[in-house]
Every structure is written in structure tokens, then in C-alpha cells.
Amino acid sequence: MNYQLNRWYSLGYSRLQDLETAGREIRRVADNKPVFTKLAEAAVREGRWRNAAFAFRAAEFLTDPADPDKSVLYGRFVEAFDRGFADEGFERGLVPYGAGHLPTLRLRAVGHRRGTVVAHGGFDSFMEEFFCFWRVLADRGYDVVAFEGPGQGAAHRVHGLAHDHDWEKPTGAVLDHYGLEDVALLGISFGGYWCVRAAAFDKRITRLIVDPPLYDLVAAAGPVLRRILREMLARPALLNWSIRLRMRAFPVLRHTVRQALFMTNQLDAEPSAAVQWLLGMNERHLSSELVDQDVLLMGGEKDRFQPLKLFHLQRVAMVNAKSLSGRIFSSAEHAENHCQMGNLRLALRVMADWLDGAPGASS
């Protein structure tokens, strides 16, 4: 919860006093929805639409997918976002994909145009919540096309598209739709896996920013844990019992399992289906050896969700990259956490500087 409160603050559109209020009033995960909904409603009454949008997002984030309020809060987030950011000049679009559409949010470069960045978030993100990323990159001279793939945001909630790890397919659809070539691709959080997969199979992507790498969660585990996992997978009843037990004890695990089932349209499935989804992200599927672009890897030395070991494994696996740069952020920089929450200004400067002169970011 501490990380989430700092996340909303780092993204730049939440008031410190509101987050301090939330920190005092939230005592358990169940408190998150009513506390942030109250803060959002107050912001609406006062016409603080940007604050309202991110408070609705914070309320929605930890709401269980089976709770009907989750879709209501999502709708209110989008509505408040569009009102709060109406003067930013972004364009919304829809890319035909399967039986639905992929939503996009597009910002034009300010001043001299340097190139195009195509970008996406990760596990449970929305393209709107990373608007501070898109704004900084556009101000540095890059056209930005952010999109939500299957399982994410409106692609899932509005168009019903279930998640698919083969990320070259939605990325390729976006490139086709906008007629894009020679683009930089940015993947954030779990998107640090999917963007690598996309770059491996689509060479219209010429530069790649991975923030941070995920690579293969099982490969990062020790041999004892890998052996236990193999044994548990062979006993599905025991595996499901074990996951349910841990979900009651660990809210982060419950959120991860429930969100994975939600993204894949399997909310009624056994929790082991979420484990199978996670195992679908592995070094063989990722195909890192096919990445032959300029690459920037970014990681935090104390990332609890995608540990630094994954950064090093990904770096070693990129044997054919045209160039390979890495940046590990430290506690001294206040950027050691997941996706550099705590010092996004620094992280975005590193990204933009690398794009301006790629290759060239220092390790």
C-alpha cells in the first residue's frame, strides 16, 4: 500500500494532502476503495478533475474484478481524465483488432520532430495513467502513440479482448493502422516482457526501451523453488489449495491472481490458471536472441516486483542486439523502486537522452 500511495504521487496528478489522508485512513485493503472514492468525489465537487481522475483510478486499482463498482470506477476515471486533460491536445483512436478494437492515445511532437515512440504499460495499467511519460516525450520532440493491448484497459473492459502474450500481434496492428516505420517501443512494468517479444518479431521497431525487464520469473528463482514449482504443477489440487491459502494471507498475491484471471477472461477458473498465465512468460517464448535493435534496459536496485536479477538475465540473453545499454537506478537517486517510482523525472530524462542519441546511455 505504501508503494501504491507513492506511485500515485510520483505520476504527478495527485495531491500530497489527499495521499496523506489516504495513508492515515487505509488500514486494510478493503479500505482502499471507499477512501479513494471519497477523495475523488471531493475533487469532482471542487472541479479538480486531474486529482479526481487519479483518485478514481486508485479506488479502482485494488477493487476485486467481481465487484460491479470496478467498471463504474473505471468509467468515472476515463470521464474525469478527459475533462482534466482536455487542454493537452491528445487524440484518442481505435485500432481494429480481432472482434474488437485497441484504444490509442496520441500526442504530437512539440517543436522539431525527432521520431516516434510507441508505448504501452504492463499487467494492470491504463494508457492514461502514464500520461506524464507521454507528455515529457512529446515535449522532447517525439510523436507518442500509447496503446492498450488485449487484456488491458478499454481493450478488455470495453471490447472484451483477452490477454495474449504474443505482443507482436497488437503492436503490429497499431503500426499497421498508423503506417508507422522506424519506431522506438517502450514497455513499462510487465510491458518490459511484452515489448521484447514484439521487437523480436517486428523489425519496424528499431529502438527498444525495457522498463524494467521481466525475462522469466521461473529462471530467476533458485533451484529449490523451481523443483517445488514442478512438483506443485504435477498436483493441481494441491497447487490450488496452496494458492488459495496464500491469497488469504497476502493481498498482493490475491490481487495478482485475480487480475490475471480477469485479464484472460477466466474469473471463474481455478487460481492455478493464473500461474499458467505467468509461466507463459518465459525465456523460450520471449525469444531475446531475435532482438537485433538498439536496446535500453532500465531497472531499480530494490524493485520488489521485477527484481534486479531479471535485469541481468535479460541483458545476458540479448546476444544479437545492435547496441545494448543499461541503467540501474539507486536508492541514492530515490528511484530504486518498481518503474523508478520516486524519481520519474530522472527516469524520463534517461529515456529521452538515450532516444536523442541512441545508442549511448551509460551503464
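Helix α4 contributes the most to the lining of the largest cavity, with 3 residues. The model described here is predicted. The structure holds 2 cavities of 30 Å³ or more, and the largest cavity has a volume of about 60 Å³. Its lining consists of Ser14, Arg15, Asp18, Leu19, Phe36, Leu39, Asn51, Phe54 and Ala55. At least two lining residues come from each of α2, α3 (32-45) and α4. Sorted by class, this lining has 5 nonpolar, 2 polar and 2 charged residues.

Helix α2 (residues 16-25) also contains Glu20. This residue has a relative accessibility of 40%, so Glu20 counts as partly exposed. Glu20 and Leu5 are 15 residues apart in sequence, while their C-alpha atoms lie 8.6 Å apart in space.

The second largest cavity has a volume of about 40 Å³. It is lined by Asp124, Ser125, Phe126, Gly151, Gln152, Gly153, His156, Arg157, Gln259, Phe262 and Met263. Helices α7 and α13 each supply at least two of the residues in this lining. By class, the lining of the second largest cavity divides into 3 nonpolar, 6 polar and 2 charged residues.

Buried residues in α13 are His255, Val257, Arg258, Gln259, Ala260, Leu261, Phe262 and Met263. Among the elements that cover these buried residues are α4 (49-61), α5 (69-84), α7 (153-157), α9 (191-201), α12 (236-249) and α14 (272-279). In an α-helix there are 3.6 residues a turn, so residues three or four places apart point the same way. After α13 comes Asn265, which has a positive phi, near 60 degrees.

Helix α8 (residues 168-178) is mostly covered, with 8 of its 11 residues buried. The buried residues in α8 are Glu168, Pro170, Thr171, Gly172, Ala173, Val174, Leu175 and Tyr178. Gly179 follows α8 and has a positive phi, near 60 degrees.

Glu129 lies in the loop between β3 (115-120) and α6 (131-139). Its relative accessibility is 0%, and Glu129 therefore counts as buried. Two polar contacts of its side chain were examined. One is with the side chain of Arg7, at 2.4 Å, and another is with the side chain of Arg57, at 2.8 Å. When residues up to four places away in sequence are not counted, Glu129 touches Arg7, Trp8, Leu11, Phe54, Arg57, Phe77 and Asp124. Phe54 is also one of the residues lining the largest cavity, and Asp124 is among those lining the second largest cavity.

Two or more lining residues are given by α6 and by α17 (344-357). Helix α17 gives the most to this lining, with 5 residues. By class, the residues lining the second largest pocket divide into 7 nonpolar, 2 polar and 4 charged.

Notes
Residues are numbered from 1 along each chain as its sequence is written. This is a predicted model: local features need pLDDT of at least 70, side-chain atom pairs count only at pLDDT 80 or more; totals for chains, interfaces and linings use all residues. Side-chain values use heavy atoms; hydrogens and water are left out. Buried means under 20% relative accessible area, exposed over 50%, partly exposed in between (1.4 Å probe, protein chains only). Helices (H or I, at least four residues) and strands (E, at least two) are DSSP runs, numbered from the N terminus. Contact means heavy atoms within 4.5 Å. A polar contact is a pair of N or O atoms within 3.5 Å; within protein, one must be able to donate a hydrogen and the other to accept it, and residues adjacent in sequence count only if both atoms are side-chain atoms. Ala, Val, Leu, Ile, Met, Phe, Trp, Tyr, Cys and Pro count as nonpolar, Asp, Glu, Lys and Arg as charged, and the others, Gly among them, as polar. On a 1 Å grid over the protein atoms alone, a cavity is a set of points where a 1.4 Å probe fits but cannot get out, and a pocket is an open set with protein on both sides within 12 Å along at least five of seven lines; lining residues have an atom within 4 Å of a point. Grid points are joined across faces, edges and corners, and a volume is the space filled by probe spheres set on the points.
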